[in-house]
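Hi,

Here is the structure I promised to pass on. Have a look at it first, and then read my notes below.

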Amino acid sequence: SLQIVDHKLYYIAPDRGNSNYRCDLDGGNDTLISSNTYGSLCIYANKLYAATENGLISMDLNGGNPERLTTQPAYYPNVSDGGIFYISGVDRTLEWLSFDGRTRYTVVPSRIGFFNIAGQWIFYQNMDDAGNLWRTRVTGSDNAKLTD
């Protein structure tokens, strides 16, 4: 995972225990943000959202004020004005979570390989359908297969 915000690179370093780091665009000023083990990250509105085997965590860009948002394994957070989307749990379903963490619902109950959000649509790899590409609205409606 790699994100660029305000001329800084934010990334997970596999050679350093999958910890979160930040550095300048030229690689200088490499700084540890969090030494926990992460699988992926996303930055939105000056918050870093990180996925772990123990759940989804949000924190300040410097690693301060960490807050656990979920307790099930989380993968590939994608955060936008509409909320927090991520793959959740052992079943790897696509979930939506409100910013305050109080409201959560399953957008796609199928096992998901990867997903991407484009406007009001989510495109995803449906692992329950041999990895074919599907799409759904961010609300979970109009779910349909795109490829064979």
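**An exposed alanine, and what else turned up**

A45 counts as exposed, because its relative accessibility is 60%. Keep in mind that this is a predicted model. You'll find A45 in the loop that links β5 (40-44) and β6 (47-52). Its backbone is worth a look too: A45 is not a glycine, yet its phi is positive, at about 50°. As background, most residues other than glycine have a negative phi.

R92 is another one of this kind, being a residue other than glycine with a positive phi, near 55°. R92 sits in the loop between β10 and β11. With a relative accessible area of 23%, R92 is partly exposed, since buried would need a value under 20%.

**The four-stranded sheet**

Next, the sheet. Its 4 strands come in the order β9-β10-β11-β12, the sheet is open, and the pairing is antiparallel. The strands at the edges are β9 (74-80) and β12 (104-108); each has a single partner strand, so one side of each has no neighbour in the sheet. From one strand to the next, the twist averages 25°.

Going across the sheet pair by pair:

- β9 is joined to β10 (residues 83-88) by 5 bridges, and the two run antiparallel. Here Y75 has I87 in β10 as its bridge partner.
- β10 and β11 also pair in the antiparallel sense, over 5 bridges. S88 stands opposite T93 in β11. The hairpin of these two strands has 4 residues between them, and G89 takes a positive phi there, near 70°.
- β11 and β12 are antiparallel as well, with 4 bridges joining them. L94 has V108 in β12 as its bridge partner. This hairpin has 6 residues between its strands, and G101 in the turn shows a positive phi of about 75°.

So which residues cover the two sides of β11? T93, E95 and L97 lie on one side, L94 and W96 on the other, and all are buried. That makes 5 of the 5 residues of β11 (residues 93-97) buried, so the strand is largely enclosed by the rest of the structure.

**What is packed inside**

The largest nonpolar core has 14 residues, and F85, L94, V107, I112, F115 and I122 are the ones with the most contacts inside it. Two or more residues each come from β10, β11, β12, β13 and β14 (121-126). β13 gives the most, with 3 residues.

Leaving aside residues up to four places away in sequence, V107 touches F85, L94, E95, W96, I122, T136, R137, V138 and G140. There is also a second, separate core of 12 residues, which includes I12, I33, M59 and L61.

**One buried serine**

Last, find S110 in the loop between β12 and β13 (112-118). Is S110 buried or exposed? S110 counts as buried, because its relative accessibility is 16% and the limit for buried is under 20%. Again setting aside residues up to four places away in sequence, S110 touches R92, T93, L94, N126 and D128.

Cheers

How values were computed:
Residues are numbered from 1 along each chain as its sequence is written. This is a predicted model: local features need pLDDT of at least 70, side-chain atom pairs count only at pLDDT 80 or more; totals for chains, interfaces and linings use all residues. Side-chain values use heavy atoms; hydrogens and water are left out. Two strands pair if DSSP finds at least two bridges between them. Axes are lines fitted to C-alpha atoms, for helices over the stretch in contact, and angles run from 0 to 180 degrees between N-to-C directions. Buried means under 20% relative accessible area, exposed over 50%, partly exposed in between (1.4 Å probe, protein chains only). Contact means heavy atoms within 4.5 Å. A nonpolar core is a set of buried Ala, Val, Leu, Ile, Met, Phe, Trp, Tyr and Cys residues joined through side-chain atoms within 4.5 Å.
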